[in-house]
Amino acid sequence: MIKCMGDYKVLVTIQNKSGISDPEGSTILNDLVLRSGADDITEIRCTKGLCFTINAEDSQVAIKKVRRICDELHVYNPLVSSAEFSIV
């Protein structure tokens, strides 16, 4: 059986866990958003995004491969950050 490979774009979104300070998000909230009068915004959390293009058999395999790469290379610190993996 021949497996059909394809390129998949996997977005990795990295964010500080709840309870871990996010100075950049706080600055944006306090200095930009609240000053503009948008007082219904209560929190802003900054994220980092990485977009991998990877050749894989299907989307789930692509996500697993990227997750493994990120874990092995310590792309983020799981003690203070969380990572979400999705196909884009």
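Mentor: Arg-68 forms a salt bridge with Glu-72, with the closest N and O atoms 3.6 Å apart. By salt bridge I mean a side-chain nitrogen of Lys or Arg within 4 Å of a carboxyl oxygen of Asp or Glu. Before we go on: this is a predicted model, where local features need pLDDT of at least 70, side-chain atom pairs count only at pLDDT 80 or more, and totals for chains, interfaces and linings use all residues. Residues are numbered from 1 along each chain as its sequence is written, and side-chain values use heavy atoms, with hydrogens and water left out.

Trainee: Where do Arg-68 and Glu-72 lie?

Mentor: Both are in helix H2, four residues apart, which is about one turn of the helix. H2 covers 59-72. Helices (H or I, at least four residues) and strands (E, at least two) are DSSP runs, numbered from the N terminus.

Trainee: And is Glu-72 buried or exposed?

Mentor: Glu-72 counts as exposed because its relative accessibility is 52%. Arg-68 is partly exposed, at 43%. The cut-offs are under 20% relative accessible area for buried and over 50% for exposed, with partly exposed in between (1.4 Å probe, protein chains only).

Trainee: How many salt bridges are there by this rule?

Mentor: Two by this rule. Arg-35 and Asp-31 also meet through their side chains in a salt bridge, at 3.9 Å from N to O. Arg-35 is exposed, with a relative accessible area of 66%, whereas Asp-31 is partly exposed at 37%.

Trainee: OK, switching to the inside. Which residues make up the largest nonpolar core?

Mentor: It has 12 residues in all: Val-10, Val-12, Ile-14, Ile-54, Ala-56, Ala-62, Ile-63, Val-66, Cys-70, Tyr-76, Ala-83 and Phe-85. The elements giving two or more residues to this core are strand S1 (6-16), strand S2 (47-56), H2 and S3. H2 provides the largest share, four residues. A nonpolar core here is a set of buried Ala, Val, Leu, Ile, Met, Phe, Trp, Tyr and Cys residues joined through side-chain atoms within 4.5 Å.

Trainee: Pick one of those. What is Ala-56 in contact with?

Mentor: Leaving aside neighbours within four places in sequence, Ala-56 is in contact with Cys-4, Met-5, Gly-6, Tyr-8, Val-61, Ala-62 and Lys-65. Contact means heavy atoms within 4.5 Å. Ala-56 is in strand S2 and counts as buried, since its relative accessibility is 0%.

Trainee: What about Ala-83, what does that one touch?

Mentor: Val-12, Thr-13, Ile-14 and Tyr-76, not counting residues up to four places away in sequence. Ser-81 also touches Ile-14 and Tyr-76, along with Gln-15, Asn-16 and Lys-17, again not counting residues up to four places away. Ser-81 is in strand S3 and is buried, with a relative accessible area of 9%.

Trainee: Last topic, the surface. Which residues make the nonpolar surface patch?

Mentor: Ile-20, Leu-79 and Val-80, which give a patch of about 250 Å². Patches are made of residues with over 30% relative accessible area and no salt bridge; like charges are joined within 9 Å, and nonpolar side chains (Val, Leu, Ile, Met, Phe, Trp, Tyr) within 5 Å. Accessible areas come from the Shrake-Rupley method with a 1.4 Å probe, and for residues only the protein chains shown count as cover.

Trainee: And where does Leu-79 lie?

Mentor: In the loop between helix H2 (59-72) and strand S3 (81-87). Leu-79 counts as exposed, at 70% relative accessibility. His-74 lies in the loop between H2 and S3 too, and has a positive phi of about 55° although it is not a glycine. His-74 counts as exposed, at 64% relative accessibility.
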